[in-house]
Amino acid sequence: MDVLQGTLDLMVLQTLESMGSLHGYGIARRIEQISNDLLKLNEGTVYASLTRLQHQRWISASWGASENNRKAKFYAITKAGRRQLATETANWERIAGIIARLLRTAGQP
Amino acid sequence: MWASVVSCFSRLGFAWACRRLDDEARREFEVHLDLLMDRYIRSGMTREAAHAAARRQFGNVTLMREEIYQMNGIGWIEGLTQDLRYALRQLRRSPVFTAVVIATLALGIGGTTAMFSVVQAVLLAPLPYEQPGQLVRVYQQEPENASTRYYLTGPHFTALRDHAESFEDVAALNTYSETGLDLVKDGHAQRVRVLEVTSDYFRTLRSGPLRGPGFGQHDEVGTRRVVLSDGLWRTRFDSDPLVIGATIHLSAEPYEVVGIAARGFEDPIVGEVDGWLPLDLAGNTSEQNYSLTAVGRLRNGVNVEHARAELAALSESMRERWPAARRSAVVALPLKEDLVATSRGPLQLLLIAVGLVLLVACVNVANLVLVRATGRVHEFAIRSALGSGRRRLVRQLLVESVLLAGLGGALGLGLAGFGIKVLRSLGSDGIPRLDEVGFDPAVLAFAAVVTAATAIAFGVTPALRLARIPPNQALRQQTRSATGTRGQGRLRNGLAAAQLALALTLLVGAGVLLASFYRLQQVDLGFGSSASSRSR
């Protein structure tokens, strides 16, 4: 299954909100786990998403140590990021609801 | 709004750190790949297989790095300086083309700017008096015909001065007095232009400090007194302060000099006045002698509408007092509007005319640019084949256009300075306020806008046209044909047609302009000369 354009940012933001500070690898693992391996993404695209989110100041980055004890960048959600997440979530749910209703009625005359 | 500002600044920060961020991304990717590899090795893969699998799962590392680098950088600034350098090289390589284009644009932009500076000074800028918005011109009119304008009579003016509360001061000048008198001094005579004015004249206009006592209301019986202009005092009286109180002779009559006007003070209506005499208001008693030009200064906080309402009420009582006066209504108009009313039309026409010249220049230059672009089809095809995007190519051409227009504009500003001098010497009699013409921020801003608009006007079409030719087609035509593709031929024909149309419009416009000027200068003889017969 491919990732819809623009939804990756939302997924990354939500992951950071629920898991706290993570590095890129950790985010990729978490998304893989949540989707039960159904979602196959080029993990490099996570970094493009992280760059976009940093530009908007919705996440911040700091250096820390990774599991294999190497220097890695850890990302955390900011206050502005939480606000954005709330808006985006509400938005997404509304659209999902509309699509779901539309698809349910599609077969009926 | 705020979010986009924050994002913009934040982006600047990232652009600053672009190189460092790229290095960090490389390190991050390495760690990520290692962690993936570790996982695959733990699940039993060989080192090589794990490495390949990790790479597959991550995607193209180089592409990703490049994408992030570009996201962080502000690519267009780097590109722009590159374009600018390239454009300069291009222009240096064809000096004749460059010179012709710059000269053409300079003429167009210079003419438009010079003309605009006249429009700005005459029509747009405020009058050169203190708080000019308070100054109004007062007319009488027929009550049933609001479009009529007549001068004031002596009694009406006096009533106005005594009773109208809206005015701080109100002054009158004798409309027909500027014919002049002969100043005889040291044996030779000079015709001087004098104006008969009431005593409040200098106060109303806030003319600046007057040397000497000036007139009082007691002088308004036509006493033989005079206030000299600063210019006349300097040229004919050698700036001698002792002339105040002395007696001079004007047309063989003795006049006592009671003042010298402030330097640079000019009458708003009559240009180049040499002296002011007291008006004989006491002798001007007929309520049907419409002979006075009246100018008033509104009190602080009183607007023209308010003054008009008061004058309308005042008109009622005047009508009862002088029932014989047919033009009994008194109205006020903003002085500036009144002054420029007659020159507005011709000036606007002239501005349109030079605007058309600029358009012709643009079309000419567009044609030149297009012809040159035809010779560069090959170059652009190669650049596009090497991966230049269409937007990048268009931008390159636009940068060249802006550079050309900028140079043309700079030269045009110089030409405009010269043109302003010529205009000032040409039209000083016909157009009020022409001596105030010059460069000011508004004129410079106008020149800048015109230059930018010019660049867009002559640059966009050829650029789009050139970028639209498919590279394979251009490359297949190994011989560079002088005529270009059929589409370009059509565009060139279109440009030529537009040029002809514009030139014709210009010609007709110039004709109309001349005709209207001719009509403006024709004096109404007061009788139909065409119906008179001629006999031998």
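**Entry 1: chain A as a whole**

A residue counts as buried if 20 or more other C-beta atoms lie within 10 Å of its own, as exposed if 12 or fewer do, and as partly exposed in between. I wrote that down before anything else, and I also noted that this is a predicted model. With the cut-off in hand, I looked up chain A: buried residues make up 27% of its 109 residues.

Next I listed the elements. Chain A has four helices and three strands. Read from the N terminus on, they run α-β-α-α-β-β-α. I also looked at contacts in chain A with a separation of 6 or more, and 51% of them are between residues 24 or more positions apart.

**Entry 2: the sheet of chain A**

In what order do the three strands of the open sheet in chain A stand? I found E1-E3-E2, with antiparallel pairing. Strand E1 (22–23) and strand E2 (59–65) of chain A are at the edges with a single partner strand each, so one side of each has no neighbour in the sheet.

I then followed one pair along its length. E2(A) and strand E3 (residues 71–77) of chain A run antiparallel and are joined by seven bridges. As an example to find on screen, I picked Ser62(A), which stands opposite Phe74(A) in E3(A).

**Entry 3: helix H1 of chain A**

Helix H1 (residues 7–19) of chain A lies across E1, E2 and E3 of chain A. Its direction is at about 90° to E3(A). I checked the span too: H1(A) has 13 residues and reaches 18 Å from its first C-alpha to its last, close to the 18 Å expected at 1.5 Å a residue.

Which residues of H1(A) are buried? My list reads Leu8(A), Asp9(A), Met11(A), Val12(A), Leu13(A), Thr15(A) and Leu16(A). A reminder to myself for reading such a list: an α-helix has 3.6 residues a turn, so residues three or four places apart point the same way. After H1(A) comes Gly20(A), with a positive phi near 80°.

**Entry 4: where chain A touches chain B**

I turned to the contact between the chains. Chain A gives 18 residues to it and chain B gives 22 residues. On the side of chain A, the elements that give two or more residues are helix H2 (24–34), helix H3 (44–55) and E3 of chain A. The largest share, six residues, comes from H3(A). I sorted the residues on this side by kind and got four nonpolar, nine polar and five charged.

Helix H11 (residues 335–374) of chain B has 40 residues. I looked up its reach from first C-alpha to last and found 57 Å, close to the 58 Å expected at 1.5 Å a residue. Where does H11(B) bend? The place is Ala341(B), and the bend is about 55°.

**Entry 5: strands around E8 of chain B**

Strand E8 (residues 253–260) of chain B has bridges to strand E6 (residues 225–228) of chain B; there are four of them, and the two strands run parallel. In this pairing, Arg225(B) has Glu256(B) in E8(B) as its bridge partner.

Four bridges also join strand E7 (residues 247–250) of chain B to E8(B), but here the strands run antiparallel. Leu250(B) has Glu253(B) in E8(B) as its bridge partner. E7(B) and E8(B) form a hairpin with two residues between the strands. Ser251(B) lies in that loop, and its phi is near 50°, a positive value in a residue other than glycine. Is Ser251(B) buried or partly exposed? It counts as partly exposed, because it has 14 C-beta neighbours inside 10 Å, and buried would take 20 or more.

**Entry 6: the loop between H6 and E1 of chain B**

Last, I visited the loop between helix H6 (95–124) and strand E1 (135–141) of chain B, where Pro128(B) has its place. Pro128(B) is partly exposed, with 15 other C-beta atoms within 10 Å.

Definitions and conventions: Residues numbered from 1 in each chain as written. Chains lettered and ligands numbered in written order. Predicted model: local features only at pLDDT ≥ 70, side-chain atom pairs only at ≥ 80, totals over all residues. Expected span 1.5 Å × (residues − 1). Bend = angle between axes of the 7 residues up to and from the residue. Contact = placed C-beta atoms within 7 Å. Pairing = 2+ DSSP bridges. Axes fitted to C-alpha atoms, helices over the stretch in contact; angles between N-to-C directions. Nonpolar A, V, L, I, M, F, W, Y, C, P; charged D, E, K, R; others polar.
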